[in-house]
Amino acid sequence: MTWLPYLVDGLLLGATIALGAVGLTLTYSILGFANFTHGDLITWGAYFVLSLTLGWTALTGTGLGRLGPLSFGWPFLAALGAAMVLTGALGALLDRVLFRPLRQHGMQIVLVIASFGASLALRYGLAFLYGPEPHYYTREIQLAAPVIPGLSAVRATPDQLFVLGLTAGLMIGLHLLLTRTTLGRAMRAVSENPTLARVVGVDPQAVARWTWLIGGALAAVGGAFVGLTVQIRPWLGFDLLLPLFAATILGGVGSVYGAVLGGLVIGMAEALAVPLVGAEYRAAVAFLALLGALLLRPRGLLGTRE
Amino acid sequence: MSATADLGAYLVFFLVVALYYALLCLGLNLQWGVTGLFNVGVAGFVCVGAYASALLTGPSSPDHWGGLGWPVAVGWAGAAGLAGLAALLVGAVTLRLRHDYLAISTFGIAVTIQLVALNFVRLTNGPFGIAQIPRPFAAWAGTPVARNALYLGLVGLVVAGTYGALERLVRSPWGRVLRALREDEAAAAALGKSPARYRLEAFVLGAMVMGLAGAVYAHFVGYVAPEDFLPILTFQVWTMLVVGGSGSNRGALVGGVLVWGLWSASGAMVAQLLPQAMQARGAALQVVLIGLVLAVVLLRRPRGLFGEEAVVSRHVEA
């Protein structure tokens, strides 16, 4: 039972990876390329929240507020909402300026290489603006308390529980979007068969724009989570890139539910690997999962056969 | 030291590093430009080569394996060989994957290699790196500048030799098969060429060049550490190859030197323009510039400076 304390870590990491992987799988299947910039969108989301909260504190003199046992209040949540919009817009801007003009080449590889450049510019732009040292939303330290009666080894802080709850809520919301709205159906159509979708009258530009807006918004939440529970630094998202790709491919490219499942699996695997191989090799676990998926079942757990 | 002597010393340093990058670009060009293998794990093979040479030729230490003190030439051969072996293992498993999956896999491999270099302390001395890597010509040359100048001559020969060999290879029947496979695999296979074998050969050969470059770096600086082989190195080399023109060895050379020049110039400018307090952050701006250059080149001139030349055979002037 020594692995129980890592359960919460695993779920938390899994939630963060899931949020990023959903955006990644959407851009991968709808826009047709492996986007190496996605990690940096996550980082920008975290920094947007930081700047907004710092600005708020500077303007009003009050802090992040307090909502019960959480380390933050309404100002933080408002900043999070605004950051979701801003990060989505950043993704859409990136698409408009870089990826859309390159799409006419028709070659996925050009887009991937372009995403290298965008990734460098975004990541080191943050390192220049904020410096490489870590930042925090709040200096508070929270205590973890047992959350499952009877299993005192499973402990979580209030912030961590909030993160898990919000992630679950967002996933449900996304499910409803994809199944109950016209946009959601259009996105799924383009993801499965772009040509046919266009024949039916789906506007690929609009779908592309919304893919970035939604993917960026979810990335911002993921970034804010890491910032809240760990720290904010320019490499926050890029360090998640390998687990993100692993989760996306493991779940099946194009499947949102697969991305969530993949994220949870990778998160749990990384956390549970800590007592086994040590914390240093966590990233290698994601890589092994990725390689395993690619070699044994390339369509992933929930993906459709290509 | 006079100003011109300073400038000369800097020029020598600049050229050695430029040639190191040029060598990396030549390796990547063989893999990507000629054969179409999307290798995003360049840094991993450089790391293997650099550490191999360092451990084979360096002084022994109780903290880690190696330090065999063998001659530098053996170290360099070992670097190329070990990097090639790593590529053989990696390639056998991953080259069958399609482009984007190969990119993600090789990216992951490089991250894992760097992780091993960082944490497998018994082998690599972990974050402390390997120091006191022997520098050739140290015994002959009087001053560091003279030693570097001699080293520049050596590296120049190595790059010239590699360039010549790769140019011949590209124009040879073997090279033509590679390009045929890149363009239309089914047609090439129909002619009886085994795609997997040719691709693996190109991948391994390219990685050997990268490993050699790693050794060149290690013996120039005299010290290697895991943070010298982060993904940023891979993206720098990709930018260089795209700028120079992938598919062309000349483009690889020029791209490497040019983008390294751009990097150095922007570093000097940043040092001049930024106030003292912001100097540490200024280095980040150099990378932003590299990212922007890559994006702009892809938007405006995707084939880079020297694009791809249609080559039939070295016996025919195309």
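Here, "partly exposed" describes a residue whose relative accessible area falls between the buried class, under 20%, and the exposed class, over 50%. Keep that in mind for the close-ups below, which all come from a predicted model.

View 1. Which of the classes does B:Glu183 belong to, buried or exposed? B:Glu183 is exposed, with a relative accessible area of 57%. B:Arg182, at 26% relative accessibility, counts as partly exposed.

**View 2. Over to chain A for the pair A:Arg233 and A:Asp239.** Here again the side chains meet in a salt bridge, with 2.6 Å from N to O. A:Arg233 is partly exposed, its relative accessible area being 26%. A:Asp239 is partly exposed too, at 43% relative accessibility. If you're wondering how many salt bridges turn up over all chains, a search of the whole structure finds 8.

**View 3. Helices α10 and α11 of chain B pack against each other.** Helix α10 covers residues 231-244 and helix α11 covers residues 249-273; they pack at an angle of about 120°, with their axes 7 Å apart. That angle makes α10(B) oblique to α11(B). As for handedness, the crossing of these two helices is right-handed. On the α10(B) side, the residues making contact are B:Gln236, B:Thr239, B:Met240, B:Leu241, B:Val243 and B:Gly244. Across from them, α11(B) brings in residues including B:Gly251, B:Ala252, B:Gly255, B:Gly256 and B:Leu258, and B:Val259, B:Trp260 and B:Trp263 are also among them. Sorted by class, this contact has 8 nonpolar and 6 polar residues, and no charged ones.

**View 4. A buried glycine in chain A that touches chain B.** A:Gly117 is part of helix α4 (residues 108-130) of chain A. With a relative accessible area of 0%, A:Gly117 is buried. What does A:Gly117 contact, leaving aside its neighbours within four places in sequence? The answer is B:Gly291 and B:Leu294. For a sense of distance along chain A, look for A:Pro158: this proline is 41 residues from A:Gly117 along the chain, and their C-alpha atoms are separated by 38 Å.

View 5. Most residues other than glycine have a negative phi. B:Asn125 has a positive one, near 70°, and B:Gln132 also has a positive value, near 60°. B:Asn125 is found in the loop between α5 (121-124) and α6 (144-171) of chain B, and B:Gln132 lies in the loop between α5 and α6 too.

Key:
Residues numbered from 1 in each chain as written. Chains lettered and ligands numbered in written order. Predicted model: local features only at pLDDT ≥ 70, side-chain atom pairs only at ≥ 80, totals over all residues. Heavy atoms only, no water. Axes fitted to C-alpha atoms, helices over the stretch in contact; angles between N-to-C directions. Helix = DSSP H or I, 4+ residues; strand = E, 2+ residues; numbered from the N terminus. Parallel < 35°, antiparallel > 145°, perpendicular 65-115°, else oblique. Left-handed = near helix turned anticlockwise from the far one by under 90°. Contact = heavy atoms within 4.5 Å. Nonpolar A, V, L, I, M, F, W, Y, C, P; charged D, E, K, R; others polar. Salt bridge = Lys/Arg side-chain N within 4 Å of Asp/Glu carboxyl O. Buried < 20%, exposed > 50% of the residue type's maximum accessible area, 1.4 Å probe, protein only.
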